[in-house]
Amino acid sequence: MKKVIFFMTALCLVLSPLKAQDYWNTEIISVAKNQDNIKKLMKMNLDLLMEWNNRIYIIAGFNDFFKLQKENISFAPETLNFYPYKQSEVSLQEGLNGRYHSYAELERDLLALQDSYSNIARVIDMGDSLEGRNIYALKISDNVYQDEQEAEVFFVGCHHAREWISVEVPFLLGKYLVENYETNSQVKDLVDKCEIWIVPLLNPDGLEYSIHFYRYWRKNRRDNGDGSFGVDLNRNYSYNWGLDNEGSSPFPSSNVYRGPSAFSEPETQIIRDLFAQRNFQAVISYHNYSQIILYPWGYTNQPTSEAQLLDQIAGDMSGLMQAVNGKVYEYGQAGADLYLTNGGMIDWTFGTYNIPSYTLELPPIDEEHGGFFNAEEDIQPIFNENLQAMLYLIDWTVQNFNSGINPSTRRERRYGLRANLKDKNQFGREARDEGEDNAPMQNSKVKYNDLKTSNINSYATGSKSEIADFGIKRTHTANKANRLQYIPEQ
Ligand code: 0X9
Ligand code: CA
Ligand code: CA
Ligand code: ZN
């Protein structure tokens, strides 16, 4: 008995510093996904992991259990059903996180791409994270050391530390583009005509923390000064920052803490400053898990003025992705989804720059192993299906890049692009399909004909299934004959 007491005391001493950090008592639980629960949950600022199989999965801290009890929501314990990753298969060489990239592994691999493909790949150190790690961008284009008057597109991963797959998909895009540049004329065409910016890892401090200390870490590693750590980077952007306490939290210990002010974090400042210098025409921010494509607004369920265009592009991307592995990415407006968010990146990019902006939530589940995290074997297939959407969006920026605007001033270019988006009768898909001025460039190897209205329409009018839950998620059920492949198999 004495021994037990001694052991318990020792254990308490060891654990007590951790308690302050709020996560010692976290458990994964699930609750039934029904209107009643959704209504209640929306107000509770919980750390929602995903929706799956008609249940909502939550990482619940000590206080959350009281909240749930008070609202009379019954829940099932799930922690034991979840595995961080397939530990049995982690080889020493690939580190604690297996084939997923750590900060150092990503740095190594990005620099290797730059070394091997120095004519088209350039690694740019954009500044430091809070703990002093470099935040890297990989720029891919012809004449990559020049700033040319070309279309520009932006892909970013890992706002959220635990979302490891969201690092891999944008990184693999970079790798794919450089490795196929010489041999695939369509890839070459896109790389030549576009400046493709990729930031695979926006939150390196959080990622490292998630690898070494706590797999479910979400935020960055800001010391909030009250014993809690971390700001949710996807609540820290300035557009409608802190609008209410439902879409983000004012409490530092919350997993959706928005920070003391908009752009208070070096990681989001880096994005802000990059956008001020560039002329991005479209952006995708990678997250997981939900297997869904979301567009603004996230802060409200009111649609944007560009809802139709945003929805059409999302639908095209979804169709292209489904054609790869048959996996259906639903799509719709973020704010019409399970919960509202304010201070998110895509509301800011759309609200500030009026460009098509997407949150792409990668797939949820390692079905085979019943776990929450994707197996390492899933990285490649998930990338393969996402590649189609990425190439489509890159090409969209190329096709919609108005090279006629005074090339000497970025400002004017930006306003020109805004006009493009606004006035779809002059620019954009509709015009491109009809008007000569906006027809695909003569020397374009991209078979844009494949993507013109006829095929796209067959998606649109194909058996579209409405998913009832929130009334906004829509899916394409493409029949085989109409399946598009953006880059034909070689
Ligand atoms: O909450 C977020 O920041 C993102 N989801 S995640 O599970 N990866 O954390 C994006 C949320 C998208 N916006 C809305 N659903 N409103
Ligand atoms: Ca690794
Ligand atoms: Ca170029
Ligand atoms: Zn996320």
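Student: What classes make up the shell around ligand 1?
Tutor: The shell has five nonpolar, eight polar and three charged residues. Ala, Val, Leu, Ile, Met, Phe, Trp, Tyr, Cys and Pro count as nonpolar; Asp, Glu, Lys and Arg count as charged; the others, Gly among them, count as polar. The model is predicted: local features need pLDDT of at least 70 and side-chain atom pairs pLDDT 80 or more, while totals for chains, interfaces and linings use all residues. Residues are numbered from 1 along each chain as its sequence is written, with chains lettered from A and ligands numbered from 1 in the order written.

Student: Which residues are closest to ligand 1?
Tutor: Asn234, His287, Gly298, Ala334 and Asp337 are the closest of the 16 that surround ligand 1. The test for being near is a C-beta atom, placed from the backbone, within 6 Å of the molecule.

Student: Why do β1 and β4 count as paired?
Tutor: DSSP must find at least two bridges between two strands. Strand β1 (residues 27-32) and β4 have two, in the antiparallel sense, so they pair. Ile29 is bridged to Pro77, and Ser30 to Ala76.

Student: What joins β1 to β3?
Tutor: Six antiparallel bridges join β1 to β3 (residues 55-60). One of the bridge partners is Ile59, for Ile28.

Student: What makes a set of residues a nonpolar core?
Tutor: Its members are buried Ala, Val, Leu, Ile, Met, Phe, Trp, Tyr and Cys residues, joined through C-beta atoms within 7 Å. Buried takes 20 or more other C-beta atoms within 10 Å of the residue's own (exposed: 12 or fewer; partly exposed: in between), with C-beta atoms placed from the backbone. The largest core has 98 residues. Helix α11 (residues 379-399) gives it the largest share, twelve residues. A second, separate core has 13 residues, including Val31 and Ile58.

Student: What does Leu393 touch beyond its neighbours within four places in sequence?
Tutor: Leu393 is in contact with Val153, Ala282, Ile284 and Met317. Contact means C-beta atoms, placed from the backbone, within 7 Å.

Definitions and conventions:
Helix = DSSP H or I, 4+ residues; strand = E, 2+ residues; numbered from the N terminus. Contact = placed C-beta atoms within 7 Å.
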